[in-house]
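Here is a short briefing on one protein model. Please look at the sequence and the coordinates before reading on.

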Amino acid sequence: MGEICCLTLRMNLDCNACCRKLRRIILNMKGIESHMIEKPLGRVSVCGRLRPSDIAIKMKKKMNRRVEILDIQEFDSGDEQADQKPAG
C-alpha cells in the first residue's frame, strides 16, 4: 500500500448519522489503523498504511461531500531513521 502516514481532512459533518456513516466507511477501508472524528470542528484524522489521495477520493465518493485535505504527516520506518542519524 502506501507509507505509514497520518492524514487530516475537513468535511461537513452536520449530524450524528453523518458521523456514524463516516465511521462505518473508515472501518471498512483497508490499511487504516486508527481514526478520530471531531464533529464540532468537522475534522477527520486517519492513520495507517495508506495513500492520502486515495482515502480522500473514497470518502468523497462514499459520503457525497466535499473533502479538503488539511495535513499529511508521513513517517518512514523507525529503524532506517535511527541508522541514519548517528552516522550524520
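Is cysteine 5 buried or exposed? Cysteine 5 is buried, at a relative accessible area of 2%; buried means under 20%, exposed over 50%, partly exposed in between (1.4 Å probe, protein chains only). This is a predicted model: local features need pLDDT of at least 70, side-chain atom pairs count only at pLDDT 80 or more, and totals for chains, interfaces and linings use all residues. Residues are numbered from 1 along each chain as its sequence is written, and side-chain values use heavy atoms, leaving out hydrogens and water.

**Confidence**
- The protein chain has an average pLDDT (the predictor's confidence in each residue, from 0 to 100) of 86.
- Helices (H or I, at least four residues) and strands (E, at least two) are DSSP runs, numbered from the N terminus.
- Where pLDDT is low, the predicted coordinates should not be read in detail.

**Disulfide**
- The structure holds one disulfide, a pair of cysteine sulfur atoms within 2.5 Å.
- Cysteine 6 and cysteine 47 form this link, with sulfur atoms 2.1 Å apart.
- Cysteine 6 lies in strand β1 (residues 4–10) and cysteine 47 in strand β3, 41 residues apart.
- The link is right-handed, with 115 degrees about the S-S bond.
- Both cysteine 6 and cysteine 47 are buried.

**Strand pairing**
- Strand β2 (residues 32–38) runs antiparallel to β3, joined by six bridges; strands pair if DSSP finds at least two bridges between them.
- Serine 34 stands opposite cysteine 47.
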